[in-house]
Amino acid sequence: MLLLESINFFVLLVSLFLIFSAIMVILAPNPVHSVFFLILVVLCLSSLFLSFGIDFLGILLIVVYVGAIAVLFLFVVMMLNVRVDQTKESLIRYFPVMILLVFFASFEIYYFMDPSSFLSYFNLFYDFWVISFCDPNVFIYPDDGFSFYKFLRDSIDSDLLTLHSEQNLLAMLASTQYTGIFVDNVYNPDFRLNAVAQFNTLSLNSLIFHYEYLSRGDVFITVFNDLGVEWWTLLCKLYIPFRSPLSLDEVFDFQFPSSGLDLYMAGFLDKPYLLSEPTNIDAFGFLIYNYFALPFILVSIILLIAMIGPIVLTLDHKKSIKRQDIQCQVERDFNRTISLKI
Amino acid sequence: MTFNLSYNFFYNSFDNLLSIVYLFIYFFVEFLLFIVPILIAMAFFTLVERKVMATMQRRRGPNVVGFYGLLQPFADALKLLIKESIIPSKANSILFVLAPIITLSLSMIGWAVMPLGEGSVMVDANLGLLFIFAVSSLSVYGIIIAGWSSNSKYAFLGSLRSAAQMISYEVSIGLILISIVMCSGSLNLSAIVNAQRYVWFCIPMLPMFILFMVSILAETNRPPFDLPEAEAELVSGYNVEYAAVGFAFFFIGEYVNILLMSALCVILFLGGWLPLPFLDINNLYMFFFKVTKEAILARKDLSEDLFSGSITIEEVLLDYYPFLAYIGFSPSPFWFIGKLLFVVFFFVWVRASFPRFRYDQLMSLGWKVFLPLSLIWVIFVSLVILFCVVL
C-alpha cells in the first residue's frame, strides 16, 4: 500500500546517495572501502526496487549481490596487500572508454524506456536495418493479396486512426505498437479469439509476423501478444513445445491463482479489484518455466561451468600430502589396529 | 492470547507529517513490545546455557548472584557496560564501531517476520522466508567488517574463517528452505506453519530437519563449529579487539541470532504455533463446554475432499457462547515457546557434548556432505510432488 508510483523525495534522496556511493567506489583510495561502497550501491538499488513493488528481485539482489558476490570481492580484496599510495593513478586515461560505455549504456536505457519507438531514432536507416536484423525466412507468411497499406488508407479517416500526412506513415508505423494480429489476412483486434484458432491448428503460432511491402520501402510491423514480448523473444518460440498446445478451455481458464478479475468480468463487483495479484514470483515462474525455459537451462549450465571450472583449474591433488579419510578412520577395527611383529 | 496488530488504520490518514510521525511512534512502540521480551529471553538464555552445561558436567553453574543465579545475566551486562571501550590505534574507527551495530541490528530485524501465534506477527510478509535468508546473508558482513577493521591478524583470520563458514552453510540452508517452500507452497511463514496443520514437516522431512539443525549450529558459529571464535585456537577470533560495549553487542547479537534461527527451525519443521493433536486445548474446550458432534457438523462444510471444510472449535463455541469472543484464549504462543525451548536446549546440549571441528573438517562437511544431500533432497521432493501429489 505504500508503493510508489512516481518519483518523490525518498526516491530522489536514495538515488542521489546511490550515485554518490557509485562515485566513491572509484574515488575511494582504499580498495576495501570501494567494495563497501559497492555494497551500499546495491542496497540503495534494492530499496528502490522494493519501494516500486518489485519485491522478489529487490530481496534477491541483496541475497545474490551483497550476500555472495560482494563477499567474494571482499575476500579477494582483503587478501591482496594493496598499498594505499599505489592506487593514486590518473583517471583521465580511461576517458575514451568511459565515453564508449556511456554511449552503450544510454543506448540500452533508451531501448528499455520505450522499445517501440526505439527504432525511430535510426530514422535514416531503420527500414534497411530492420529487415537485416530479423530472419524473414522464419517468420514470413504468404501474401494473398491483402494490402496493409490499403487497409490503412481506408481506415485513415475512420476513428481507427488519423494521419496528418502520408509521408509520416512510415515513421508512424515504426513508432507505434499494435496489439492485433492478422488471421487469414483480416485484421482482428481480439487477440484471444485468434490465438485460439492459432493454437488449435499449429502449435508454434503463438505470434504472427506479417510482412507487408509498401511502395515506399519495407516496413516491419511487430505484433505483440498480451504479454508484450517482442520479436527477439520469438527465438524462444522453439521452446514452446515444452508445453503442449493449449486447448480452448485451457486458454480461457488460465488464471493466476486467486485473482478477483473474473468476478468483476462476471458482473459480481461494481469496480475491479484484485483479491490478490499474481505475485512477482508467480510472474517470474510463468515466464521462465514456460516461455523462456531453454534460456533458463542454458544460463544454469553457464553457471555450472562457472562454479566447477575454477575448481577443476586449480585443483591439484598432490600425492605426498597426507589427508584424512574419515570413512577409513571410522571403519577401523580396534582389535586390529596394533599388532606385534615377531 | 493471540493478538493481531493491524495498522491499516493509519494508511488512510497521510494528510500531514504528523500522521506519519504517529505511524512511526506506533511502529516504534510495537517493535519495542516485540523486541524487549526477546532481549530478556536472550539474557536468560545465557544463564540457561551456563546452568544446563553445568548440570551436564555435574556442577552447579552460576548460583551466587540472585536466587539460583537468576540475576547473573544482568550482572554480566552491567559489567560489560561499565568497562572502558577501547578502539585500537590503527583501526578504522567508523567501521570498528559499525560492525557490532550491524550484527546486533540484523539479528533483531529478522524477528519482524516471525509468527508466534496465529496472526501474531509484526510483518506478515509474503516473502518472509526470503527476508530472513537475506538478513542472514547480510550478517556475514558484521563479522567481516569487525575482523578487518580491528587491524589485528588473529581477528582478521578469525573473521575470514567465520565468514567462509557462514556462507558455506548458508548454501545448504538455502536448499533446505527451497524444499520446505515446495512442500508448503509459499514463502510466507504463517502459510508454512499452516501447511503443517496435519503433519509437522519434521516427520516427512526428517533428514532435512537434522541437516537444518546442524547447519544452523554452523551458521551461528556455535560449538562444535566455533573454531573461528574459540578462545584457545584463535584468541576468540573476530571479537578479540572489542572491549566493552562492542563485545556486549556481539554477544547479544550472537544469542539473538541463535534464538532467531531456533525460531526459524520451529516454524519450518516443528509446526510453529500448532499444537500436538492429542494435547490440543480445543479438545479440552470441547470437553468442558460440552459441545456435541452435531453442533460441529452443523457448521462443517462437508465436501468431497477430506481436508476441506475444517472448522476450529472456536467458531463452534462462539455460536453457543458469544462471550468467549471477549476472553479469547488460545495457547498457541505457548506451544511456540515450548518448541523453541526444545531447540535452544538442543543447542546447549550439543555444546556440552561434542568436541570442536577442525576448520578443514568443518568446510568439507559443509560442501561435500551437506550440499549434495540437500540438493538431492530438493530433487527428491520435487519428484515426489510431481508424481505423487495431485496439485
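Biologist: At roughly what angle do the axes of helix α1 (residues 9-27) of chain A and α2(A) cross?
Modeller: Helices are DSSP runs of H or I with at least four residues, strands are runs of E with at least two, and both are numbered from the N terminus. Axes are lines fitted to C-alpha atoms, for helices over the stretch in contact, and angles run from 0 to 180 degrees between N-to-C directions. The axes of α1(A) and α2(A) come within 8 Å and cross at roughly 160°.

Biologist: What kind of model is this?
Modeller: Residues are numbered from 1 along each chain as its sequence is written, while chains are lettered from A and ligands numbered from 1 in the order in which they are written. Side-chain values use heavy atoms, leaving out hydrogens and water; local features need pLDDT of at least 70, side-chain atom pairs count only at pLDDT 80 or more, and totals for chains, interfaces and linings use all residues, as this is a predicted model.

Biologist: Are α1(A) and α2(A) roughly parallel or roughly antiparallel?
Modeller: Angles under 35 degrees count as roughly parallel, over 145 as roughly antiparallel, 65 to 115 as roughly perpendicular and the rest as oblique. The angle here is roughly 160°. The two helices are therefore roughly antiparallel.

Biologist: Is the crossing of α1(A) and α2(A) left-handed or right-handed?
Modeller: A crossing is left-handed if the near helix is turned anticlockwise from the far one by less than a right angle, and right-handed if clockwise. The crossing of α1(A) and α2(A) is left-handed.

Biologist: Which residues of α2(A) make the contact with α1(A)?
Modeller: Contact means heavy atoms within 4.5 Å. From α1(A), the residues include A:F10, A:V14 and A:L18. From α2(A), they include A:F37, A:V41 and A:C44.

Biologist: How far apart are the end C-alpha atoms of α2(A)?
Modeller: The expected span of a helix is 1.5 Å times one less than its number of residues. The 21 residues of α2(A) (residues 31-51) should therefore span 30 Å. In agreement with this, the end C-alpha atoms are apart by 31 Å.

Biologist: How many strands does chain A have?
Modeller: Chain A has 342 residues. Its secondary structure comes to 15 helices, and its strands number four.

Biologist: How many residues of α5(B) are buried?
Modeller: Buried means under 20% relative accessible area, exposed over 50%, and partly exposed in between, with a 1.4 Å probe and protein chains only. Helix α5 (residues 128-149) of chain B has 22 residues. It is mostly covered, and its buried residues number 21.

Biologist: Is B:Y68 buried or exposed?
Modeller: B:Y68 is found in the loop between α2 (17-56) and α3 (72-81) of chain B. Its phi is positive too, near 55°. With a relative accessible area of 67%, B:Y68 is exposed.

Biologist: Is the peptide bond from B:P223 to B:P224 cis or trans?
Modeller: Most peptide bonds are trans. B:P224 is found in the loop between α8 (206-219) and α9 (231-234) of chain B. Omega is near 5° for the bond from B:P223 to B:P224, and this bond is cis.

Biologist: Which residues touch the most other members of the largest nonpolar core?
Modeller: A nonpolar core is a set of buried Ala, Val, Leu, Ile, Met, Phe, Trp, Tyr and Cys residues joined through side-chain atoms within 4.5 Å. The largest has 113 residues. The residues that touch the most other members are B:W111, B:L189, B:F212, B:L268 and B:F269.

Biologist: At roughly what angle do α4(B) and α10(B) cross?
Modeller: The axes of helix α4 (residues 93-109) and helix α10 (residues 245-269) of chain B come within 8 Å. Their crossing is left-handed. The angle is roughly 25°.

Biologist: What distance separates the C-alpha atoms of B:I258 and B:R222?
Modeller: B:I258 is found in helix α10 of chain B and is buried, with a relative accessible area of 0%. Leaving aside its neighbours within four places in sequence, B:I258 is in contact with B:F45, B:T220, B:R222 and B:F347. B:I258 and B:R222 are 36 residues apart along the chain, yet their C-alpha atoms are separated by 8.5 Å.
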